[in-house]
Amino acid sequence: MKSGKRSVRSSKSAVSVPRDRHPLWLGLLAISEAMLILLLVVGIAVALYFAYQRLTKQAFFPLRRVIIAEPLRYGSADDVAAAVNRAGEPDLMHVDVQELAKNISDISWVSDAVVEKRWPDSVYVRLQERFPVVRWGGQYLDKDAVRFSLPNPPAQEALFPVMGPDGYEGKVLARYREMEPWLLGQQVPMNGIRLDPRLIWHIDLPGDIDVILGRDDLNNRLKKLAMVYKRVVVPYEAYIDAVDLRYQDGFSVRWKPGVKPKNGQEAAL
C-alpha cells in the first residue's frame, strides 16, 4: 500500500508545468499584439496622410465656370472671373463662397454680390452694379455719391460733369441736385459744377464761362446769376471768361485773353 501511494505522487510531479513559464509566454504574446496594433495605427495614419495630400492637391471637382445671374450693363464679366481666379482655389469643394463674394464686392463697379456653388463645376454669382449718376473726372458717382470706375462707360455727354476735392463727393452731388433743376427752370443752362480746393463753388456755362459763386449765400447768388444771364452773359458770351458773383451789390466780368467788347458794348453793361 505504501509503495502505491509513492507512485501516484511521482506521476503528479512529472506532468506539472513550472509556474515561471506562464508570465513569460503571456508577456511575449502581449508584446506581439501591441506591435501589431502599433503597425496598424501607423499604417492607417500613413494612408490618411496620403489621402489628405491627394484630396488637397488634386481637384476632384474642378472649378470651370463662373455664371453671372443677370446681363451686365456697364460692368465686365472678365473682372468677376479675375476676382474668382485671385482666390486661387481650383476645386469647387474648397471654395469659400462668403470670401469669394467679398472679393467680388471689392470690384469698383460692384455694389453687392452673393455667390453660390453649382455642382459639379460652377459658381453662380448674383451681383448689383453701381449705376452712374454723374461724371467725376474720369470716374463716376452713383446715387449714394460713391466714386467708382467702369470698364464699359456710358456715353460721356449723357452724364452731367461734377468735380471736387476727395471726400466731398456727397456734398457736391447734393449741391448738383439742388442747383440743376432750379437753374433749368430759370432757363440757365449748366455744363458743370465744381468745388475747387479752396471750397469755392463754380458753375460752368456754355462757352467755357466760369461763374464764381463763392462759399456762402449761394441761393442769393444763384438768383443774381438768373438775373444777369440773359442781360449780360448771352449777348457777350464770346467775350466773357468768368463772372464773379461774390460782390455784395453786384458782380464783375473778366474778359477772355485778347478779346474785349468795343467801348460802346462795354458801356452797355
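The protein has 7 helices and 12 strands, taken as DSSP runs (H or I, at least four residues, for helices; E, at least two, for strands) and numbered from the N terminus. This is a predicted model, where local features need pLDDT of at least 70, side-chain atom pairs count only at pLDDT 80 or more, and totals for chains, interfaces and linings use all residues. Residues are numbered from 1 along each chain as its sequence is written, and side-chain values use heavy atoms, without hydrogens and water.

**Burial**
- Of the 269 residues, 29% count as buried, that is, under 20% relative accessible area with a 1.4 Å probe, protein chains only.

**Nonpolar cores**
- The largest nonpolar core has 33 residues; such a core is a set of buried Ala, Val, Leu, Ile, Met, Phe, Trp, Tyr and Cys residues joined through side-chain atoms within 4.5 Å.
- Elements giving it two or more residues include β7 (160-163), α5 (169-185) and β9 (201-205).
- Helix α6 gives the most to this core, with 7 residues.
- Another core, of 21 residues, lies apart from it and has Tyr74 and Trp109 among its members.

**Strand β3**
- Strand β3 (residues 122-129) is largely enclosed by the rest of the structure, because 6 of its 8 residues are buried.
- β3 pairs with β1 (residues 65-68) in the parallel sense over 4 bridges; strands pair if DSSP finds at least two bridges between them.
- Arg65 stands opposite Ser122 of β3.
- With β2 (residues 110-118), β3 pairs in the antiparallel sense over 8 bridges.
- Lys117 has Val123 in β3 as its bridge partner.
- A hairpin of 3 residues joins β2 to β3.

Note on methods:
Buried means under 20% relative accessible area, exposed over 50%, partly exposed in between (1.4 Å probe, protein chains only).
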